[in-house]
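Please consider the structure shown below.

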Amino acid sequence: MAFIINAASKEDKEGTMVKRSSSPNHNPATAEPRVHQRGRETQRYGSVTHAFHLELEEPVRLEMTEQLNQLLADSMTLRDLYKKSHWQVAGPTFYQLHLLFDKHFGEQVEIVDAIAERIQLLGGVALAMAPDVAETTQIERPPRGREEVPVQISRLLDAHQIIIRDSRKLAERSSKLGDQGTNDLVVSEVLRPNELQSWFISEHLVNSPLVYATEETSKAAD
Ligand SMILES: [Fe+2]
């Protein structure tokens, strides 16, 4: 093990050979990579650091980071739902939806990053890994297999609805608690893009004729 190899020996004042401390802090610099390392967590999930410079009380930052993590988990799930839809879409509208789903995926990547970094900025710990996200999200899990386009879009709209609802609640709550930074982020970078994306995909569920106009009621009755 690299740890033992690098534990150098030296003489103490009495001339006795002693082993150098095994603490990593006393290990000499080396070009050898120290691989397979593990250590204790430096910050527990669900906690916040002091961050006195933000002038936001700890209970406020605790509440904000908790609610932002919920928004983060749901946004990460929606992001992945867009990629799933991008890959698995089929039918006459394949090309158009294939591109649109990937565009929205890219925008959700930006949203996810903005939320996660706000959590860290507030002294919290952002959720990151898929199993933790799966345990936290409120969005219904889709099957692994492919589904029809109307079902794909309906799932995406349901996910948007959850995020839009929670964004409005969080915007209101953050404003009330004096966290205008979170309020601005949620309104500008989460709520509005989600409203826009949901409009773009919801129009695909309108049963609109492609070639023949619907006959007028009076003519149809003849
Ligand atoms: Fe792609």
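How much space lies in the largest cavity? About 60 Å³ of space lies in the largest cavity. This is a predicted model, in which local features need pLDDT of at least 70 and side-chain atom pairs count only at pLDDT 80 or more, while totals for chains, interfaces and linings use all residues. Residues are numbered from 1 along each chain as its sequence is written, and side-chain values use heavy atoms, with hydrogens and water left out.

**The cavity**

- The structure holds 1 cavity of 30 Å³ or more; a cavity is a set of points on a 1 Å grid over the protein atoms alone where a 1.4 Å probe fits but cannot get out.
- Its volume is the space filled by probe spheres set on the points, which are joined across faces, edges and corners.
- The lining (residues with an atom within 4 Å of a point) includes Leu 81, Lys 84, Pro 142 and Arg 155.
- Helices H2 (58-88) and H5 (149-176) each supply at least two lining residues, and H2 gives the largest share, 4 residues; helices are DSSP runs (H or I, at least four residues) numbered from the N terminus.
- By class, the lining has 2 nonpolar, 4 polar and 4 charged residues.

**Arg 173**

- Arg 173 is placed in helix H5 and is partly exposed, with a relative accessible area of 31% (between 20% and 50%, 1.4 Å probe, protein chains only).
- Beyond residues up to four places away in sequence, Arg 173 touches Glu 63, Met 64 and Gln 67 (heavy atoms within 4.5 Å).
- Arg 173 and Gln 67 are 106 residues apart in sequence and 9.9 Å apart in space, C-alpha to C-alpha.

Key. On a 1 Å grid over the protein atoms alone, a cavity is a set of points where a 1.4 Å probe fits but cannot get out, and a pocket is an open set with protein on both sides within 12 Å along at least five of seven lines; lining residues have an atom within 4 Å of a point. Ala, Val, Leu, Ile, Met, Phe, Trp, Tyr, Cys and Pro count as nonpolar, Asp, Glu, Lys and Arg as charged, and the others, Gly among them, as polar.
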